[in-house]
Amino acid sequence: MLAVFSGAVVEVPAELVAAGSRTPSPKTRASELVGRFLAAAEPAVSLQLGDLGHLAYSHANQSLLRPRSFASKDDIFCLFEGVLDNLGRLSQQYGLSKGANEVLLVIEAYKTLRDRAPYPASFMLSQLTGSYAFVLFDKSTSSLLVASDPEGKVPLFWGITADGSVAFSNDIDLLKGSCGKSLAPFPQGCFYSNALGGLKCYENPKNKVTAVPANEEEICGATFKVESATAILTALH
């Protein structure tokens with residue numbers, strides 16, 4: 001799956017910019033990245049979100065344990081990969097029919113988060129049990145929510161293209177060709193929201209997420225680590 005958003009939507013992570021500046025490498029524009037994905041993943045489903053971004057996915061080479069799905073409702077668009085072990089219970093909790101799948105559940109849970117502010121994102125995400133990664137965009141508010149399961153069972157990467165767009169994908173090789181070293185694994189057990197303060201850990205919201213420069217020989221230019229609040233306080237004293 002692939003999701004690309006303009007710099008007007010996503011605040012570009014400074015750590016990814018720094019990684020690309022430290023080791024300059026070839027990049028392409030976001031439009032070329034989308035074009036490469038569609039050519040390689042045919043047949044694919046693609047959705048242009050005006051000047052804000054682009055969503056695309058394909059069932060090509062899909063793992064049986066990590067199916068991909070897409071849905072839109074009330075101007076909310078979501079790409080989801082993986083399986084939720086507690087889908088039935090959560091569907092009942094959110095008033096969905098028995099036939100509802102994971103991506104519809106995530107949209108409904110997000111709507112509850114949005115409409116019952118300050119309902120914490122960490123509470124919503126901590127309810128999800130299973131292996132998953134998803135990218136959700138609320139066009140009505142230009143809000144983005146991206147998350148990965150606590151064990152990182154579904155690979156997800158993010159990077160910056162030549163024209164400053166931020167791209168998310170499960171395919172590191174695809175992003176590498178357009179993002180160069182401005183590329184990193186999306187940290188497990190974390191979420192990114194442009195409306196809720198950027199990159200945070202939802203397992204323990206007090207924990208700090210920091211970037212660590214990667215070695216020159218590694219594909220990614222940086223990795224993100226979650227530091228426990230207790231460890232940080234101990235180090236300070």
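The model is predicted, and local features are described where pLDDT is at least 70, side-chain atom pairs count only at pLDDT 80 or more, and totals for chains, interfaces and linings use all residues. Residues are numbered from 1 along each chain as its sequence is written, and side-chain values use heavy atoms, with hydrogens and water left out. The secondary structure of the protein chain comes to 7 helices and 14 strands, where helices (H or I, at least four residues) and strands (E, at least two) are DSSP runs numbered from the N terminus.

**Overall shape**

- The C-alpha trace of the protein chain spans about 55 × 50 × 35 Å along its principal axes.
- The radius of gyration of the protein chain is 17 Å, which agrees with the value near 18 Å that a compact globule of 237 residues would have; this radius is taken over C-alpha atoms, and the globule rule is 2.2 Å times the number of residues to the power 0.38.
- Of the 237 residues, 50% count as buried, a term that means under 20% relative accessible area, while exposed means over 50% and partly exposed lies in between (1.4 Å probe, protein chains only).
- Among the contacts with a separation of 6 or more, 60% come from residues 24 or more positions apart, contact meaning heavy atoms within 4.5 Å.

**The sheet that contains β1**

- An open sheet of 6 strands runs in the order β2-β3-β1-β9-β8-β10 with antiparallel pairing, two strands being paired if DSSP finds at least two bridges between them.
- Its edge strands, each pairing on one side only, are β2 (45–48) and β10 (183–185).
- Neighbouring strands of this sheet are turned by 10° against each other on average, direction ignored; axes are lines fitted to C-alpha atoms, for helices over the stretch in contact, and angles run from 0 to 180 degrees between N-to-C directions.
- Within this sheet, β1 and β3 pair in the antiparallel sense over 4 bridges, and L2 stands opposite A56 in β3.
- Helix α1 (residues 14–22) packs on the sheet and touches β8 and β10, its direction making about 65° with that of β8.
- Helix α6 also packs on the sheet, touching β1, β8, β9 and β10, and its direction makes about 10° with that of β8.

**The sheet that contains β5**

- A further open sheet of 6 strands has the order β4-β5-β6-β7-β11-β12, again with antiparallel pairing.
- The edge strands here are β4 and β12 (198–201), each of which pairs on one side only, and the twist averages 15° from one strand to the next.
- Strand β5 pairs with β6 (residues 130–138) in the antiparallel sense over 9 bridges, and the bridge partner of E81 is A133 in β6.
- Helix α4 (residues 102–115) lies across β4, β5, β6 and β7 (143–148), running at about 125° to β5.

**Helix α2 and its surroundings**

- In helix α2 (residues 30–40), the residues A30, L33, V34 and F37 are buried.
- Seen down the axis of α2, these buried residues fall within an arc of 95° and so line one face of the helix, the arc being that of the directions from the helix axis to the C-beta atoms.
- On the other side of α2, S31 and A39 are exposed.
- The buried residues of α2 pack against β1 (2–5), β3 (53–57), β9 (166–169) and α6 (172–179).
- S165, in the loop between β8 (157–160) and β9, counts as buried at 9% relative accessibility.
- Leaving aside neighbours within four places in sequence, the contacts of S165 include A30, V4 and F5.

**Loops and backbone details**

- A cis peptide bond, with omega about 0°, joins E42 and P43, and P43 lies in the loop between α2 and β2.
- In the loop between β4 (68–73) and β5 (76–84) lies D74, whose phi is near 55°, a positive value in a residue other than glycine.
- D75 is found in the loop between β4 and β5 and has a positive phi of about 65° although it is not a glycine; D75 is partly exposed, with a relative accessible area of 41%.

**Cysteines**

- A search of the whole structure finds 0 disulfides, a disulfide being a pair of cysteine sulfur atoms within 2.5 Å.
- C78 counts as buried at 0% relative accessibility, and its sulfur is 18 Å from the closest cysteine sulfur, in C190, which is too far for a bond.
- C179 also counts as buried at 0% relative accessibility, and its sulfur is 9.9 Å from the closest cysteine sulfur, in C220, again too far for a bond.
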